[in-house]
Structures are given as C-alpha cells and as structure tokens.
Amino acid sequence: MTPWDLFKGRLFEEWRFQYRVWRTVLDWTVILYLGIPALVFLWIQYRSGWEADSWIGDVPSWGWIAISYLFLWSGKIRLGLREGDLLFLRQQRKWMQTLMGLGLVYSFLFHMLATGGFLLLSGPLLIGHWNLSREEVGIWGVFLLLVRWDLSLFRCMWASVVPAWKRWMGYTFFGVGLFPIWAALVPWSLSSPTVTKFGWILAAVVAWFLLRCRLTAEGLFLDDVAREQEYRLRFVAWFLQGGGVLPRRKDFQPRRPWLLRRSQPLFRQRTCAAILAESVLKPLLRLGKHLRVYLQMAGLLLVGVLWVPGPMKAVVSLLSWFLFYFWGRSCWREFTSSTGVSLFPWEKGTIREAFRIYTFWVTLPGFSLISLGTGWMWWGWAGLVVGAVAGPLSCCLGAEIGGRWAHHPFLEKNRWREGDFSK
C-alpha cells in the first residue's frame with residue numbers, strides 16, 4: 001500500500017458516491033424529457049452565438065467581466081483527507097504530505113477543466129464578436145487559471161485560521177476591493193498577450209509560496225477534514241434542501257429582525273384587510289430566505305431586461321410581473337393556510353381587499369425596478385420617468401384584477417358551520 005494507492009481508492013470511491021447520488025435524482029424519464037431537450041437547446045444557442053447578428057454580441061463588457069469575477073471565486077481545493085487519518089496516518093508526515101499533494105494536483109486538474117469550459121462558453125463572445133484570436137484567448141486563459149488557483153489556495157488557508165464571522169467579513173472587503181482591480185486588469189491583459197505572460201510568472205510565484213505554506217502548516221487537520229466532508233456532500237445537501245427535507249444551516253441568527261424591529265404598523269388604516277395584508281408582508285421582510293429569493297428574482301430579471309433585444313424587453317417585463325405575482329401568491333397561500341389564520345370567520349370581501357393590498361405591495365418594488373430598466377434601455381432619461389409612472393400603475397391594475405379573480409381555497413376548507421361567513 002502506497003499513498004498513491006490510498007488516494008486512488010478514495011478518488012474512485014468519491015466518483016462512485018457522486019454517481020449514485022445523481023442516479024437517484026436523474027432517472028430515464030428526467031433525462032429523456034428534460035435533460036436531452038435542454039442539451040439540444042443549449043447547443044443550438046451556442047452555435048447561434050457565433051453568428052454575427054446573435055444576441056451575445058449585445059452583452060456589455062462589464063457584464064462578462066462580472067461573470068468572470070464570479071468564476072474566479074468559485075474554485076475549491078480538495079486535499080483527500082479522512083477522519084481516520086487522525087488515528088492511523090497522523091504520525092506519518094510523509095504520507096500526509098503526499099496525500100495532500102495528490103489532492104492539490106487533482107484540484108489543479110479540475111481547475112484546468114473548469115477554466116477550459118469557461119473559455120469554451122465565452123468563445124462566441126471573445127472570438128466571434130470581440131475579434132480576439134485563439135492565441136490571445138489561450139494566453140489569457142492561462143492567466144485566469146493561475147489567478148483562480150491562487151485565490152482558491154488563499155481561501156483555503158484563510159478558512160482554516162480565521163473565525164467564521166471574520167472570515168466572511170474579510171471575504172466581503174477583499175472581494176469588493178479586488179473587483180475594480182480585476183475590471184481594469186481584464187481588458188488590459190486581453191489586449192496585451194506579451195505582458196500577460198509576465199503575469200504568469202508572478203501568479204506562479206504566488207502559487208508556489210501558498211502551496212509551501214499550505215503543506216507545512218500545522219494544526220489545520222480537523223478544519224481540512226470538515227471542509228472536505230462538506231464538499232463531498234454538497235450535492236446531497238443541495239437536493240435535500242431543494243426538497244425541503246434538510247433544513248438550511250444558520251451561521252448567524254439575530255435576536256431581533258433587521259427590518260421592523262419594533263413591529264411598527266405598515267398601514268395607517270387599521271381595518272381587517274389591512275391588518276391581514278400587513279401580517280403576510282412582514283414575514284417577507286423579516287425572513288432572510290424570502291427576501292433573498294425576492295432580490296435574486298429581481299436581479300436576474302433586471303439582467304434579462306438589459307440583455308435581451310428591443311421587442312423582447314416588453315415580454316420579459318410582462319413576465320416579471322407574473323413571476324412576482326405568483327411567487328407572492330404562493331407565500332400568501334402558505335400563510336393563510338396556517339391554523340391561526342383559518343380559525344377566523346373571514347368574509348370574501350375582506351380577503352379580496354387584503355389580497356389586493358398585499359399583491360400591490362409585493363409586486364411594486366421588483367416590478368418598478370424592471371420598469372425603470374426597460375424605460376432606460378428604450379428612451380434613456382425620459383424612459384426613467386415613464387418607468388417610474390408605469391411601474392406603480394401596472395402594479396395597481398394587476399392588484400385590482402388579482403384581488404377580484406384570485407381563488408382562496410382556505411375559505412372553503414376552514415369556515416365556521418354556525419353561519420355562512422363566505423359570502
């Protein structure tokens with residue numbers, strides 16, 4: 001038994017484990033009806049991206065730089081360690097260093113594949129529309145690989161020696177401060193391949209220094225094992241969380257909510273409809289998971305409005321209102337189906353008025369942002385004025401229609417039998 005044999009066995013075991021995880025999720029029906037059509041659609045879109053009149057040519061340079069910066073932060077380091085190594089291999093220093101070295105080599109090869117895939121997907125934009133040569137893209141790709149490797153090694157070291165709250169604070173400040181440097185460095189490195197080759201040397205020296213520090217560092221074994229186990233179970237946790245089986249890990253739970261800390265009323269009129277709408281709106285503002293989903297939807301839809309060609313902007317804008325509406329309606333039904341709400345003898349008029357108020361306010365922030373973006377792309381500064389007016393008016397009209405025609409199942413399932421309170 002050699003360290004290579006041990007690492008190879010663990011690697012094959014890891015691959016078999018991931019295969020079984022994906023096999024339980026992707027059966028033949030999912031692959032046939034969803035996977036294959038999705039791959040065909042993506043291939044058609046990729047082929048059309050090389051054409052001169054493709055929508056990819058309208059992608060702004062700052063958007064692609066932002067995507068490349070997110071890719072820069074997505075690297076991971078695998079060391080191939082297990083819990084049992086603390087008992088059997090902890091005293092064998094050469095075995096431990098060899099295992100960690102093989103894990104780093106495997107991680108670097110994985111980084112190479114990921115970087116190659118990113119350059120392949122970026123090919124229609126870089127080569128087909130920005131008229132860069134394959135040599136220039138390849139030289140910059142090597143620089144991207146080395147910088148991503150350096151950042152992954154730094155994050156691996158930082159995660160093991162710094163507490164959680166300091167680590168995330170450092171990531172925030174470092175990430176915000178590094179983005180302007182990366183935004184200025186990318187156009188310059190793409191246009192100067194000769195100078196970029198000197199950047200290889202600097203990035204390689206930094207990588208050598210970080211590798212040496214990582215292999216000689218002491219007291220990081222338990223953190224490495226915990227991080228390795230978490231990365232091994234990433235897909236399992238993702239599928240279980242998506243199915244609602246595994247609760248999400250809470251790194252920090254505040255004692256009081258960030259917004260409306262003193263439970264201030266949202267509406268001056270204290271009618272039954274206003275109080276009910278306020279009771280549904282407050283959890284959306286206080287719970288981080290709801291607010292995070294709402295902001296993610298708004299951000300993705302805004303990017304879609306900015307990127308799609310002219311006539312499609314109106315389609316995306318209209319689609320965005322329906323997405324906010326149906327998402328808000330699902331949250332409304334989740335709240336009103338609870339026992340504490342269904343015990344009261346609600347009238348249909350009160351429920352419709354509460355849902356109208358709720359729909360207006362839950363769609364207003366996101367759709368107003370989409371309207372401002374659409375107006376700006378169409379008419380510039382005048383479009384901002386049009387979007388500022390059209391957004392609230394559209395939300396008001398949609399709330400009137402939704403409040404009148406929406407169906408509320410809990411009125412039929414939970415009502416008092418002593419009288420007819422549903423009319």
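In this predicted model, the axes of helix α11 (residues 272–286) and helix α13 (residues 310–336) come within 10 Å and cross at roughly 110°. Helix α11 is therefore roughly perpendicular to α13, and the crossing is right-handed. On the α11 side, L276, S279, V280 and L284 take part in the contact, meeting W327, C331, W332 and F335 of α13. Of the residues in this contact, seven are nonpolar, one is polar and none is charged.

Side chains of opposite charge can pair when their charged atoms come close.

| Salt bridge | N to O distance |
|---|---|
| E13 and R232 | 3.9 Å |
| R78 and E14 | 3.7 Å |
| R356 and E353 | 2.6 Å |

The pair of E13 and R232 links helix α1 (residues 3–25) with helix α9 (residues 221–232), and the partners are 219 residues apart. E13 is partly exposed, at 37% relative accessible area, whereas R232, at 12%, is buried. R78 lies in the loop between α3 and α4 (85–88) and E14 in helix α1, so their pair ties together parts that are 64 residues apart in sequence. Both R78 and E14 are buried.

By contrast, R356 and E353 both belong to helix α15 (residues 348–379), where three residues, about one turn of the helix, separate them. R356 is partly exposed at 23% relative accessibility, and E353 is partly exposed at 30%. Salt bridges with shared partners join E13, E14, R78, E228 and R232 into one network.

Technical notes: Residues numbered from 1 in each chain as written. Predicted model: local features only at pLDDT ≥ 70, side-chain atom pairs only at ≥ 80, totals over all residues. Heavy atoms only, no water. Axes fitted to C-alpha atoms, helices over the stretch in contact; angles between N-to-C directions. Helix = DSSP H or I, 4+ residues; strand = E, 2+ residues; numbered from the N terminus. Parallel < 35°, antiparallel > 145°, perpendicular 65-115°, else oblique. Left-handed = near helix turned anticlockwise from the far one by under 90°. Contact = heavy atoms within 4.5 Å. Nonpolar A, V, L, I, M, F, W, Y, C, P; charged D, E, K, R; others polar. Salt bridge = Lys/Arg side-chain N within 4 Å of Asp/Glu carboxyl O. Buried < 20%, exposed > 50% of the residue type's maximum accessible area, 1.4 Å probe, protein only.
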